[in-house]
Amino acid sequence: MEIFQEGLWKDTSFKDPDLQSLSSRLQTTILLARAPGTVNMYDRAFRKWKEFALRKQELSYFPANPMHVAVYLQHVLESTRSSASVDTAFYSIKWAHESAGLVSPTDNLLVNRVRDAAKRILCTKRGNRKEPLSIEILQDIIDGSDLSNTLQLRNVCLYVLCYAEFFRSEEVTRIRRNHIKFLEDHMIIKVEKSKTDQLRQGYEPVIASSGGSACPVSILQQYLSRLNIDPHSDELIFRQLVKTKSSYKIFCFKMADQDKRKTQAISNVKYRDVLLITTDRLRKEGVLCDVRLLVEDQSFLAHRSILAASSPYFRGLFTYDMKEKDLMECKLDQLKASVMEPLLGYLYTGNVTLDEDNAESLVAAADYLLIQSLKDIGCEFLEGLLSPSKCFALRDFAERYSCDSLKSSATSYIVKHYNDACNTEAFKSVEYRVYTEIIARDDLEVSREEDVYETLIKWVKHNLETRKEYFEELFSKIRLSSLSRHYLINQVEKEELVSKSFYCTKLVVRALNAFILHEYDDHECARNNLKRYLDVITVCGGNLCKEATCYSPAKKKWLTLADMLKARDEHCTAVHDNVLYAFGSTQTENGQSVEQYNAHTNSWIAVANMPQMRCAATAVTCGDHIFIIGGRIPNGGGSTKQVMRYDADINKWFIETSMSFKRAGLCSAAYNGLIYAIGGLSDRNEFLRTVERYDPRKQIWSDVTSMQVARYFACAVEMNGKIFVIGGQSSSGAYLSSCEALDPSTEDWASLPNISVPRQAAGVTRLGYRIYLFGGCNNSGSLDCVECYDDRKRSWEAVTRMPCKRSWVQCGVLRVTKDLFELN
């Protein structure tokens with residue numbers, strides 16, 4: 001096609017066969033950007049412009065001069081009666097230049113002025129604008145109509161439907177009875193074809209029941225009941241009405257014996273199979289063939305119509321005005337002659353015989369010729385060939401030809417048979433990029449992490465000079481905490497590649513320290529099948545009880561823990577260094593007490609008491625310290641603004657700067673080294689929506705933008721750099737289901753999806769990308785329901801129920817070893 005010989009195409013030549021193939025197919029892709037009919041229309045119009053320019057000799061047609069195009073449009077304007085001809089000429093020139101990557105002369109203001117003028121000169125002058133149909137006019141029509149008259153009812157129904165869903169007349173008149181579905185408070189109408197439906201898939205608008213005399217649902221139901229049409233019928237509902245003596249009835253196009261005639265749709269599979277086999281025999285015998293495919297110095301006869309119907313590649317090649325359109329021969333440089341016979345057999349009959357020798361070549365050919373069904377069949381066959389010796393090669397093949405399913409299957413095979421796959425010669429040639437992706441996976445299935453380390457050393461040393469530069473990056477993917485201490489010291493630490501790298505040595509030292517201090521690195525979790533610990537949510541106290549339990553989201557099960565030392569209510573908790581601390585209670589004797597839970601021994605022990613008795617306070621961990629903020633004195637004491645700090649390392653308490661406001665039943669969260677005290681109840685029993693921020697380094701409180709709603713005994717937690725505030729009780733006494741989030745960087749509050757059950761005095765914590773909300777209370781009393789908010793889905797869902805109903809419950813996330821907390 002001429003447009004692919006100018007502009008960006010003119011100087012583009014590739015030596016690489018793959019790039020040549022891609023460039024050739026790119027032309028077809030560009031043509032497919034417009035419908036075939038549109039492309040042919042533009043091509044004819046562009047040829048007329050070319051003939052005009054060549055006839056006049058002084059004009060350049062491609063690339064074209066804007067002044068020359070403007071003169072040509074003037075010629076079209078004077079020789080036609082329709083502005084559509086000017087538009088077609090205009091857009092054909094624009095299409096040709098843009099397809100060649102050239103600046104279009106139609107972008108010039110002068111050319112556009114000529115086109116605009118053609119519309120004004122040739123278009124029919126519009127009369128007075130019609131006023132749009134308003135609800136007032138529609139109501140007047142309904143009020144003035146006699147709906148007992150079927151004709152008037154039909155017309156009103158048409159007006160109301162068109163108004164309710166902006167139906168065009170051709171759309172509403174094509175509605176059939178079985179396209180309408182009535183539901184409790186709305187109806188759904190299937191529209192099979194629409195002018196704006198570019199994909200021609202139809203659409204299903206939903207029309208709500210609004211009540212009143214103008215309700216489209218009730219008017220349509222009234223009209224349909226008058227017609228008495230079977231709901232499953234495919235009859236058109238808006239048809240000609242025939243006047244009778246008393247009223248109108250719908251006109252039926254029925255012949256005298258139509259109801260008695262029997263119809264049956266029959267599909268003759270045998271005929272279809274014979275037709276396909278006969279067509280393929282004609283190809284093999286060279287009968288009526290009109291194209292010769294040249295592949296590797298061999299020729300294959302075929303029929304254009306069959307190839308075009310079977311392959312979008314051939315359809316574009318033979319239907320668009322490319323140089324191959326009128327040729328009897330077509331050269332396919334990217335294909336192998338060995339696959340042409342089974343390939344053509346599939347295109348003609350849908351049958352193909354695959355084996356280990358031709359499967360990959362057939363998939364490559366199907367990818368080139370855009371035959372997705374053959375490509376899928378080939379990939380499915382190749383999946384059955386996966387083995388330790390072939391999995392890496394098949395994965396590379398799948399990636400090269402965009403076979404997503406085969407790539408996923410090959411990767412899964414490698415992950416599940418890692419040791420076997422790495423004991424093959426193919427493993428030694430694996431690319432760095434692929435190998436890094438594999439050993440970084442959490443779901444890599446190995447019996448021990450030592451196997452992953454040993455295969456890494458083998459891979460690097462196979463070609464040490466070129467691969468040693470990748471060693472540090474690959475070594476960082478080894479889960480050192482999953483190696484045995486003995487192996488780390490005697491094998492890893494002594495490996496020359498490790499000892500010569502400061503970065504690798506630092507990782508080994510950190511892993512050894514973890515063994516000694518019994519610490520866990522959040523950034524280095526074990527492989528899924530080698531994990532020795534679980535992240536569980538510990539739930540304790542509330543309603544003056546000692547009970548403590550834990551919930552594992554991964555196992556979706558509960559486990560009973562050792563009871564607390566003290567019965568607690570309106571207490572607060574915080575986690576520091578994987579230890580849970582519980583502070584205060586409503587009882588005077590327990591108001592100052594503090595205890596900690598040790599997950600390694602499943603026991604509670606008492607630690608230093610708080611300087612003052614406290615309940616309805618909030619606890620938050622910030623840095624290496626725990627802060628107890630606000631609250632009140634048990635047994636009738638008022639709200640306080642005092643703040644205490646606990647240093648767990650030395651088991652001592654310190655007094656911090658007090659808040660600006662006295663608050664009880666508040667909530668808090670920490671982010672970026674700062675503490676946020678939120679809402680609560682003042683000493684004058686006022687519900688607060690104010691927020692304060694504390695800087696522990698400067699020991700200064702400052703005001704922050706207030707919440708949207710005042711909240712008492714709400715919950716707060718930090719996640720992804722935002723502070724989430726959930727539920728609580730409002731100043732009217734209502735229990736809240738609303739939630740909001742503070743962005744500390746802008747100090748703006750934003751509303752969040754509501755929780756399912758309104759509540760106050762619940763326990764809250766974050767685990768990964770999820771927030772978990774436990775128990776609480778509302779007008780129904782204490783609750784046992786647990787809800788989870790997924791920040792990626794931005795939605796709440798019920799996940800479990802607590803072993804018992806509880807309010808003023810507190811919780812925190814602990815990492816526990818599997819052998820100590822086996823959840824059966």
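In what order do the strands of the open sheet lie? The order is β7-β6-β8, an open sheet of three strands with mixed pairing. Strands (E, at least two residues) and helices (H or I, at least four) are DSSP runs, numbered from the N terminus, and two strands pair if DSSP finds at least two bridges between them.

This is a predicted model, in which local features need pLDDT of at least 70, side-chain atom pairs count only at pLDDT 80 or more, and totals for chains, interfaces and linings use all residues. Residues are numbered from 1 along each chain as its sequence is written, and side-chain values use heavy atoms, with hydrogens and water left out.

Returning to the sheet, β6 (residues 291-295) pairs with β7 in the antiparallel sense over five bridges. Val291 stands opposite Ala302 in β7. Helix α13 (residues 340-349) packs on the sheet and touches β6 and β7, contact meaning heavy atoms within 4.5 Å. The direction of α13 makes about 10° with that of β7. Axes are lines fitted to C-alpha atoms, for helices over the stretch in contact, and angles run from 0 to 180 degrees between N-to-C directions.

I turn now to a pair of helices. Helix α14 (residues 359-368) packs against helix α15 (residues 372-383) at an angle of about 150°, with their axes 8 Å apart. The two are therefore roughly antiparallel to each other, a term for angles over 145 degrees. Among the residues making the contact are Leu362 and Val363 of α14 and Phe381 and Leu382 of α15.

Key
Angles under 35 degrees count as roughly parallel, over 145 as roughly antiparallel, 65 to 115 as roughly perpendicular and the rest as oblique.
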